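Here is a short note for a colleague who has not worked with this structure before. The points can be read in any order.

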Amino acid sequence: MADENPTTAAPEAAALVQNSPPRSSTSEGTLEPPPPPVSVTENETPLSLPLILTSKETSISPPSSPPSSTAATTNTTLGEVIEQPEKTLSHDHKKIPQSMVSFKEESNRIRDLSGLEKVSLDELKQLVQEAIANKDFAFSSTSEDPTSEIKSNPDEISIWGIPLLKDDRTDVILLKFLRARDFKVKDSFTMLKNTLRWRKAFSIDALVDENLGDDLEKVVFMHGYDTEGHPVCYNVYGEFQNKELYQKTFSDEEKRTRFLKWRIQFLERSIRKLDFTPGGVNTIFQVSDLKNSPGPGKRELRLATKQALQLLQDNYPEFVAKQVFINVPWWYLAFYTMMSPFMTQRTKSKFVFASPSRTSETLFKYVSPEHVPIQYGGLSVDYCDCNPEFTIDDPAAVVTVKPCTKQTVEIIVNERCNFVWELRVVGWEVSYSAEYVPKNENNYTIIIQKARKISANDEPVISHSFKINELGKILLTIDNPTSKKKNLLYRFKVDPLDE
């Protein structure tokens, strides 16, 4: 069978998507390449300010235990916190579950291929060249006569908007088909030929520009990038709990066909924004949210899933970098357990499962908090009403607040400025306070935010600003009285004041 399904159409399909032995991988806005990482020199921070962060942790004894407390302080430059936020995490080393072992994507550069892989690639290119010369790829839009409708330029064959054999992007495309078939050249060529035939019959190039509406824009959408630069695609199956949307999408064959066309269109548009040059990012990081997703008893959804699964497996090889399932219910784990014996270790290594309580923590292993949507515990929003001061390009730090512990983040400011920050604790149920301590000990400490209890139902993100006229430090304190560890996310920026 082919490789993984790059865009799972429904939860039942997800566990079957990784079909081949090979490897891994905004709403529909333009997918710009992720900004290059900010370089931080030894004496410089991304804010061009000599700022120092101090993370101070104080353990608080539960009422039922004898009083005891410990304190630990670590100094970290801002550059280190932003470039390597894991340094601010708890020092407890956690063993990564077997399912979390990352699958390393193979290189698409010729120099990195083995001798046998290079030979297979050359042989496949030769077969493609001969097929183009013999017009073997000049398919009709209908299946009755595969040669009756020849393209105006039969010597140019394109797939995903890229003409074959015109430049080195062809190598990347052909390697996808080779890896989907274990580098068996004839099988790979047959898969490519069948894909080109299907694309012609399904009128894929025309489908890309077709207007199919925006009813499903909350079901599947692109948002941000993972830490390796892969665009992230979210599949939110809980949206189908809306009975009206479910009926509108799956109630009869015509509607299911329209859904299939919309799903393929979304995938095609996303793929055409990828970088197919050798060494470029040409796979997608998939996140499937199973919260409130319809169970396996939904017949219409199963039919749509089965139909989409086969098409995506056969015609879109090697487009998934990682497949993360979040808010996973018990029945899905049971389904996966039944299916896993039929999957290769390579396929299973691309799967990650997270229960509702570990969703944000799991996402942060692969996607920085500023790129994670706010509904999944991150800081990213689709609009600027929440806090126009910050965007997806402003990096955030993550600090683990241990149970029954008070955590203080100290930000030392050595310049007059307007200081702006935002923070959140995933799940809250903590107290938050902020104050400014002048460097001159004769001056008073300023309370910016009195200690305030914040529940899980309060606003997800808190924003503040403070005008600093004398040197000192900002103290952000989180008091976690619960028995569970919490993740504190925060980021800040400064606007120097005129002299």
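Is L274 buried or exposed? L274 is buried, because its relative accessible area is 10%, and a value under 20% is what counts as buried.

1. Overall composition. The model is predicted. Its protein chain has 499 residues, of which 49% count as buried. The secondary structure comes to twelve helices and 17 strands.

2. The β5-β6 pair. Four bridges join β5 to β6 (residues 231-236), and the two strands pair in the antiparallel sense. Within this pair, M222 stands opposite C233 of β6. C233 is buried, with a relative accessible area of 1%.

3. Surroundings of L274. This residue lies in the loop between α8 (253-271) and β7 (284-289). Leaving aside neighbours within four places in sequence, L274 is in contact with P231, V281, N282, T283, I284 and F319. One of these, I284, is ten residues away from L274 in sequence, and the C-alpha atoms of the two are 8.6 Å apart.

4. Four-stranded sheet. A second open sheet to look at has four strands in the order β10-β17-β12-β15, and its pairing is antiparallel. β10 (397-401) and β15 stand at the edges with a single partner strand each, so one side of each has no neighbour in the sheet. Neighbouring strands here are turned by 25° against each other on average, direction ignored.

5. Strand β12 and its partners. β12 (residues 417-425) is joined to β15 by seven bridges, and these two strands run antiparallel. V420 has S465 of β15 as its bridge partner. β12 also pairs with β17 (residues 486-496), in the antiparallel sense and over nine bridges. In that pairing, N418 stands opposite D495 of β17. C417 counts as buried, at 0% relative accessibility.

6. What lies on the covered face of strand β15, and what on the uncovered one? The covered face of β15 (residues 462-468) consists of I462, H464, F466 and I468. The uncovered face consists of S463, S465 and K467. S465, the bridge partner of V420, is therefore on the uncovered face.

7. Cysteines. How many disulfides does a search of the whole structure find? The search finds zero. A disulfide is a covalent bond between the sulfur atoms of two cysteines. The buried cysteines described above, C233 and C417, are thus to be read without such a bond.

8. T170 is in helix α4 (residues 169-180) and counts as buried, at 1% relative accessibility. A polar atom of the T170 side chain lies 2.6 Å from the backbone nitrogen of L165. Not counting residues up to four places away in sequence, T170 touches P163, L164 and L165.

9. Two residues with positive phi. Most residues other than glycine have a negative phi. L165 is not a glycine, yet its phi is positive, at about 65°. L165 is in the loop between β4 (162-163) and α4 and is partly exposed, with a relative accessible area of 32%. E429 is not a glycine either, and its phi is about 55°. E429 lies in the loop between β12 and β13 (430-438) and counts as partly exposed, at 39% relative accessibility.

10. N108. This residue lies in the loop between α2 (78-83) and α3 (115-133). Although N108 is in a loop, it counts as buried, at 7% relative accessibility. The side chain of N108 makes a polar contact of 2.9 Å with the side chain of R179.

Key
Residues are numbered from 1 along each chain as its sequence is written. This is a predicted model: local features need pLDDT of at least 70, side-chain atom pairs count only at pLDDT 80 or more; totals for chains, interfaces and linings use all residues. Side-chain values use heavy atoms; hydrogens and water are left out. Buried means under 20% relative accessible area, exposed over 50%, partly exposed in between (1.4 Å probe, protein chains only). A polar contact is a pair of N or O atoms within 3.5 Å; within protein, one must be able to donate a hydrogen and the other to accept it, and residues adjacent in sequence count only if both atoms are side-chain atoms. Contact means heavy atoms within 4.5 Å. Two strands pair if DSSP finds at least two bridges between them. A disulfide is a pair of cysteine sulfur atoms within 2.5 Å. Axes are lines fitted to C-alpha atoms, for helices over the stretch in contact, and angles run from 0 to 180 degrees between N-to-C directions.
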